[in-house]
Amino acid sequence: MRKLGAAAARAGGELLRPLSGRPTAGSLAGDALLWAALCVPAVMPLVVAADTGGSGAITPLQAVLACTLLAAAVALGRPYPVAAGVLGVGVVAVNPAGAPALIVLSYLAGRRDPRVWPAAAALGAVALGAVVFSLGSAERLFALPGLYITIVFVIVLPWMVGVFRRQRRRLADSGWELARRLEREQEIAADQARLRERARIAQDMHDSLGHELSLIALRAGALELAPDLAEHHRAAAAGVRERATAATDRLREIVGVLREADAAAPTAPADEEIAAVVERAREAGVQVVLERRGTWEGLPPMVDRAAYRVVQEGLTNATRHAPGAPVRVLLERGPAGTVAAVRNAAPPRGAVPSRGAPGGRAGGHPAPGGHGLIGLAERVRLAGGVLEAGEDGGGFAVTARFPAKGAAPASAPAASPTSAADRHLRAEHRRLRWRTARMVLAAGALAVVGMALGVAGTFVRMDSATLDPADYRALRVGAPAEEVAAELPWQEYDSAAADDGSALARRLDCRYYRSHHGFLSGGFTVYRLCFDDGVLAAKDALPELGEPPA
């Protein structure tokens, strides 16, 4: 018993917990428009009754009470959608014309509430209430199956449509979340590639600076051992040697921390020239041509090492992804800056990328998932240049452009405040809203055109059967039918609706026309003209046939 009480308490707490937080200005405006739209069918019978002057199907109190309940339902629609649906049932009980509002509220309950059991419990309570209400009358009891069918079409089906829409939206959101996660993973991988390239730069710095510091320490040691050196100069040389040795050890420790644990030892000399890389590639069987323009000596170390890495990476990509294709290496230095480019032609037919490039393409393009170009772009950027990589005449080209000496290094790429997946999602939402707006506008335009055509058709049909009262009074009984026909409208009023069933109408050839008075309000007089033997035998005014139905 205690467990049942605890379960009931948890269920009650879950029911009382709102699904949404504080409303926004946009949601309040949308709810106000929704309430106004739902009140229209609820008060329409009252408006029609006031326009026709008859007795309406509902009273003003019912209309006001229905709109009040709808206001409460719309207010509860976001935090408590199932409770709003129950209030919709109350609206229909008070005013049967509020059935469209119940359909909308049932749809919103399925669209907004991810829980099934509150809606099932509310539906069971409504079904049980219908049974209890029907027990007091045999007529209502016989109408219970029809009431259940109405509940299915008005409550259950809209709720199921809302659930389907919610699940579809959830599935779409899951797909976009996966796209954002993959994009973040790619950004992390790109950052790791940049960090690895920076570690390689640190290694290059160690290899070059370490060599220079070792030479400084060696020269200082030789100076320290010079026999003709004064003692205070000998002490200064010893200090220089100790400082250079300490700097070399500290540089080795720092680079050792930056180097990855599984990084392989470098196989190329630290200060290897670009020509040596090209020559080793040529010895390996690559058809490579090196072109130099301008003086390459005196190049800044960072630019020289970056150009070296561009050539090295370009030759590696060409060997992996386009085996057998000729390669052209261009080194150009001029007043505007320095260019290092590697271009490979399209591979010959039948060439297969090497196993070292699992993502390689037969067209000689690096795999899109590779990070070699990302690290290379980072090194070129740190050297103040810009890297360009892409298709080139069926092959592939990697080009690095460095500004003239003294140019400031390129700034780090700015992080995008929003991911591409989010931007694409917002663009899709804008397109969807625009399509929906166009559909609504098109439907509204079609409705307006249809109503206009209907009103125009009705007006033309009625006007073409209207006989002016002055013309009716001018008609003479006994006048020839041809003379009378010249004064008559070109179309008759609906004789089936105006036939009075009199003996005169059965005996003679009678035609019916309507007067123009009371055209807008719906009331008019029916004129009956009966012909016999080619003359006008009788004419009568029948106002009772033109009265609008109650």
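## Charges over rings

A charge sits over a ring if NZ of Lys or CZ of Arg is within 6 Å of the ring centre and within 35 degrees of the ring normal. In this predicted model, the charged end of Arg 511 is placed over the ring of Phe 531, at 4.8 Å from the centre of that ring. Another such arrangement involves Arg 305, whose charged end lies over the ring of Tyr 308 and is 4.5 Å from the ring centre.

## The aromatic pair

A pair of aromatic rings is described by the distance of the centres and the angle of the planes. The count for this model comes to one aromatic pair, which is formed by Tyr 472 and Tyr 527 and is stacked, with 4.0 Å from centre to centre and 5° between the planes.

The pair links distant parts of the chain, since Tyr 472 belongs to helix H14 (residues 469–474) while Tyr 527 belongs to strand S7 (residues 526–532), and the two residues are 55 residues apart. Both Tyr 472 and Tyr 527 are buried.

## Helices H4 and H5

Helix H4 (residues 81–94) and helix H5 (residues 99–112) have axes that come within 8 Å and cross at roughly 170°. Because angles over 145 degrees count as roughly antiparallel, H4 and H5 are therefore described as roughly antiparallel to each other.

On the H4 side, the contact is made by Pro 81, Val 82, Ala 84, Gly 85, Gly 88, Val 89 and Val 92, which meet Ala 99, Leu 102, Leu 105, Leu 108, Ala 109 and Arg 112 in H5. Sorted by class, the residues in this contact of H4 with H5 are 10 nonpolar, two polar and one charged.

Note on methods. Residues are numbered from 1 along each chain as its sequence is written. This is a predicted model: local features need pLDDT of at least 70, side-chain atom pairs count only at pLDDT 80 or more; totals for chains, interfaces and linings use all residues. Side-chain values use heavy atoms; hydrogens and water are left out. Axes are lines fitted to C-alpha atoms, for helices over the stretch in contact, and angles run from 0 to 180 degrees between N-to-C directions. Helices (H or I, at least four residues) and strands (E, at least two) are DSSP runs, numbered from the N terminus. Angles under 35 degrees count as roughly parallel, over 145 as roughly antiparallel, 65 to 115 as roughly perpendicular and the rest as oblique. Contact means heavy atoms within 4.5 Å. Ala, Val, Leu, Ile, Met, Phe, Trp, Tyr, Cys and Pro count as nonpolar, Asp, Glu, Lys and Arg as charged, and the others, Gly among them, as polar. Rings of Phe, Tyr and Trp (its six-membered ring) pair if their centres lie within 6.5 Å; planes under 30 degrees apart count as stacked, over 60 as edge-to-face and the rest as tilted. Buried means under 20% relative accessible area, exposed over 50%, partly exposed in between (1.4 Å probe, protein chains only).
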